[in-house]
Amino acid sequence: PALYIHGDGHNFEVVQPDPNNSNLNQLEVDGGQEADPLLISVMHDTVEDEYSFNIDVRGGYYYKGCRTGNVDKTWSSNY
């Protein structure tokens with residue numbers, strides 16, 4: 001699968017933009033440095049031999065809008 005990540009708008013959403021290609025996923029994130037970081041993992045189902053994405057907002061403000069002052073957050077597994 002492919003994950004296209006962009007910040008064109010200011011709404012968090014995950015969609016499959018092409019109904020003929022279930023391997024293409026689109027992630028729209030909130031604007032720039034105002035959004036909390038995401039943790040994205042590629043998951044592999046070894047029984048079905050299928051891959052998927054796990055998008056963890058890690059307690060961020062993606063459903064309630066952005067907030068300022070989040071630039072100190074990092075991609076740390078300890079967060």
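This is a short chat about the fold, the surface and a few residues of one predicted protein model.

Q: What kind of model is this, and how are residues numbered?
A: The model is predicted: local features need pLDDT of at least 70, side-chain atom pairs count only at pLDDT 80 or more, and totals for chains, interfaces and linings use all residues. Residues are numbered from 1 along each chain as its sequence is written, and side-chain values use heavy atoms, with hydrogens and water left out.

Q: How many helices and strands does the protein chain have?
A: It has 0 helices and 5 strands. Helices (H or I, at least four residues) and strands (E, at least two) are DSSP runs, numbered from the N terminus. From that end, the order is β-β-β-β-β.

Q: How much of the chain is buried?
A: Of the 79 residues, 24% are buried. Buried means under 20% relative accessible area, exposed means over 50%, and partly exposed is in between (1.4 Å probe, protein chains only).

Q: What share of contacts links residues 24 or more positions apart?
A: Among contacts with a separation of 6 or more, that share is 37%. Contact means heavy atoms within 4.5 Å.

Q: Let's pick a residue. Where is Gln26?
A: Gln26 is in strand β3, residues 24–28.

Q: Why does Gln26 count as buried?
A: Because its relative accessible area is 18%.

Q: What does Gln26 touch?
A: Leaving out residues up to four places away in sequence, Gln26 touches Tyr4, His6, Glu13, Val14, Val15 and Pro17. Glu13 is 13 residues from Gln26 along the chain, and their C-alpha atoms are separated by 8.0 Å.

Q: Val14 is on that list. Which strand is Val14 in?
A: Val14 lies in strand β2, residues 13–15. It is partly exposed, at 44% relative accessible area. Beyond four places in sequence, Val14 is in contact with Gln26, Leu27 and Ile55.

Q: New topic. Which residues form the negative surface patch?
A: Asp45, Glu48, Asp49 and Glu50. Patches are made of residues with over 30% relative accessible area and no salt bridge; like charges are joined within 9 Å, nonpolar side chains (Val, Leu, Ile, Met, Phe, Trp, Tyr) within 5 Å. A salt bridge is a side-chain nitrogen of Lys or Arg within 4 Å of a carboxyl oxygen of Asp or Glu. Asp and Glu count as negative, Lys and Arg as positive; His and the chain ends are not counted. Each charge is placed at NZ of Lys, CZ of Arg, CG of Asp or CD of Glu.

Q: Where do Asp49 and Glu50 sit?
A: Asp49 is in the loop between β4 and β5. Glu50 is in strand β5, residues 50–56. Asp49 counts as exposed at 54% relative accessibility, while Glu50 counts as partly exposed at 49%.

Q: What is the phi of Asp49?
A: Near 55°, a positive value in a residue other than glycine. Most residues other than glycine have a negative phi.

Q: Last one. How far is Leu39 from Asp56?
A: They are 5.1 Å apart, C-alpha to C-alpha, and 17 residues apart in sequence. Leu39 lies in strand β4, residues 39–45.

Q: And Pro37, buried or exposed?
A: Pro37 is buried, at 12% relative accessibility. Its place is the loop between β3 and β4.

How values were computed
Areas by Shrake-Rupley, 256 points an atom, 1.4 Å probe, with all protein chains shown as cover.
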